[in-house]
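Let's take a walk through this model together. Have the sequence and the 3D view open as you read.

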Amino acid sequence: MDTLDIKEAAAPRTEKSTTLTGSQALLEGLLFEGVTTIFGYPGGAIMPIYDALYDYHDKLEHILVRHEQGGIHAAQGFARSSGKVGVVFATSGPGATNLITGIADAMIDSTPLVCITGQVFAHLLGTDAFQETDVVNITAPVTKWNYQITDATEIPGVLAKAFHIARTGRPGPVLIDITKNAQIQQFEFTGYEPCNHIRSYRPAPKVRKSYVEQAAKLINEAKKPFVIFGQGVILGEAEKEFTAFIEKAGLPAAWTILGESAIPTDHFLNVGMLGMHGNYAPNVLTNECDVLIAVGMRFDDRVTGRLDKYAKQAKIVHLDIDPAEIDKNVQVTVPVWGDCKETLPMLTALLDQREHKDWLAKFRELEQQEIDEVIAPELNPTGDVMSMGEVIKVLNELTGGEAIIVTDVGQHQMVACRYADFKQSRSNITSGGLGTMGFGLPAAIGAKYGAPDRTVVAICGDGGIQMTIQEFGTIMQFGAEVKTLILNNHFLGMVRQWQQLFNDKRYSFVNITSPDFIKVAEGYGIAGKSIDQRTDLRAALKEMLDHKGAYVLEVMVGKENNVFPMVPQGCSVSEIRLK
Amino acid sequence: MKNQASIKYAPAADSSSASHQKKEFTISVFTENQIGLLSRIAIIFSRRKINVESLNVSPTEIEGISRFTIVIAEVEEVVSKLNRQIEKQVEVLKSYYNVSEDIVWQELAMYKVPTNVISEKAKVERLLREYGAQAVAIRSDYTVFETVGHREETDGLLNALAPYGLIEFVRSARVAIIKDSEGFHAKLKEFEQHEPSQEVIENEYLDKRDEVFTM
């Protein structure tokens, strides 16, 4: 059948109605919500939806992935690069359980997703039917909301609710499980009404002016104020408001890896990366500032290190949209509960114009120490083997910081986050909270669909790439122009580093062998090259970026290089080691 | 409804404070009547390895609104964090936590005892009177009594009956009324508005900040 005219379909509750199947109503709803791209994999229990999709192929682009985990990571990459809700389809049972890693990843990294899973016929629920899994209960702890539909008439309302919940407040993944009978069932479709209110759900809390005033007073009186920010700035689309805030009061600002790229790398108040492998100055000075202002971040343990020695000298202001984050890990002095898009301008208006030159100089002074001891040797190594850092440095020079960098998880991730340059927001896509190896390649595919005009580079290690390498097949079939940069050190490097530092170099099962990645890529029809000489680096990276189409570049890097600085587990941020 | 204000906020830094001792808290959660929510709420506790001592789900004075009554023994700081995690659930309207002094609460217990023991032993009869037990079923072979009261009371009769051939014992979850609650009607009306008032988006935690904020 032809798809409905959207305006007509959306006309609220007129006498006009159309007979649709549940599957058709679902696709109409997706169109109404502005969905253009779906990542998915068919199977028995979702076949009616795929059958309906056959008629919508000109309006809804469906990317057939090679594994459901690849599908959901792609949806995550799509959401992160575009700011829209990512959509993924999977069948019941194994299809749905293969989504779990990505759902958990999206939950902890606040990524808006709507996951649609097929389910066995309603009359078979609970009978251990073929490919039946209790998906709603399995995903309860890792979804912001989920719901099982057993009757087609519920589909428009539930889908509207799902999008509303996924994208508002603190975003997150939502899952709708639809039994096969509901997908097939015909009903009178009277129109799709978007949801903008659920009585039990308060996505955007009202801001308490008095706390904004108290926060402003603290910041105005501070001698050594320090801002730490996370993805909340990006999710709230508050990059401009945030920049105005730090610029007015001259506030040095450091980022969590999910907050990276919210302000440009070269912004004069950007003092670098927080946390375990972050920069020296922001970690050390966390324990010297007098007022610590946290914006849209959640004091993850990788950021705070040992909590009882974390910023104890400071008054703490915490801006967050999620009330459950206030005081969860760090006891705050003034909580500013609300959407930072709203609270930041209120706060900025009350701030005195300041520069804090001496305080900022202190950051630069410590930064110089880090440059001398860590950064310079990493970016300009004198030995024969290449370092990960120098690869990123040359990549920066060639992309001008304009590319979207998607990373996998491990040493290369830390190096990429530390050294990659960014000029615009939504450019650093990485698995932060969950630390999901295998995230990089599929997320990069999704990121490319979310931002088709931008260069997307997936930076992966030799371990992580092998977890989802099958997604080369998705690139082969659908042509996503993803540049995959494999930094190969022949080790599961991060674990190896820990074993070296903390387990007496007992390298237990971190020595991983890899296939010939370039031959694998070739098998998938993707061009590629492997290099192990510094002299080839620039030309090879340039070839990768200039190549029309996807490309795989493998760079052999030092086998036993370590990522420094490092805050060892159980230590305070100010005990950060430069070597 | 300001009943939650009866719990005084105590900063975590004050380690000598009573808030760092585990005590019994009753959490009252007002929710939509939704399949799956029970499991979502249970997970909040089990994920943190916190034992739920008692859990009751019941209707409320308002059709379609359910009320969870959950009893746990924890330090107040943890309870307050759990409360916010509960409120974070999309289908939870409001959650309160109270210490026992703030609530009127009851549990119901039933005891099955051999009828011949009761009819023969005068002491058992005295016990039943003492604990205010009522017979709810009398058969030739056994009799079922019930008592309603606090844990100590129902436990008291349990212990007292143990030597007399108690066959079976069961106790219900706690149900509790918050002493200074004005019911949920007014609150719900505000939740139904598109732009909830200040009162609805109140945050007990933030309210208490007025008392602890220092410059």
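Start with chain A, which holds 23 helices and 20 strands. Keep in mind that everything you see here is a predicted model. The model as a whole comes with an ipTM of 0.91 and a pTM of 0.92.

How does chain A fill space? Along its principal axes, the C-alpha atoms of chain A take up a box of roughly 70 × 60 × 40 Å. For a compact globule of 579 residues you'd expect a radius of gyration near 25 Å, and chain A comes in at 24 Å, so the two agree. Look inside and you'll find that 58% of the 579 residues of chain A count as buried. The contacts tell you about the fold, too: take those in chain A with a separation of 6 or more, and 78% of them link residues 24 or more positions apart.

Now move over to chain B. Here the pLDDT averages 83, and 81% of the residues score at least 70. Going element by element in chain B, the lowest mean pLDDT, 43, belongs to helix α7 (residues 204-212), while the highest, 97, goes to strand β3 (residues 65-74).

A quick reminder before we do: strands of a sheet pair through backbone hydrogen bonds, and they can do so parallel or antiparallel. In chain B, four strands form an open sheet in the order β2-β3-β1-β4, and the pairing is antiparallel.

Zoom in on one pair. Strand β1 (residues 23-32) of chain B and β4(B) run antiparallel and are joined by seven bridges. Within β4(B), V92(B) is the residue that stands opposite T31(B). Finally, find helix α2 (residues 76-88) of chain B, which packs on the sheet and touches β1, β3 and β4 of chain B. The direction of helix α2 of chain B makes about 165° with that of β4(B).

Terms used: Residues numbered from 1 in each chain as written. Chains lettered and ligands numbered in written order. Predicted model: local features only at pLDDT ≥ 70, side-chain atom pairs only at ≥ 80, totals over all residues. pLDDT = per-residue confidence, 0-100. Helix = DSSP H or I, 4+ residues; strand = E, 2+ residues; numbered from the N terminus. Rg over C-alpha atoms; globule rule 2.2 N^0.38 Å. Buried ≥ 20, exposed ≤ 12 C-beta atoms within 10 Å, placed from the backbone. Contact = placed C-beta atoms within 7 Å. Pairing = 2+ DSSP bridges. Axes fitted to C-alpha atoms, helices over the stretch in contact; angles between N-to-C directions.
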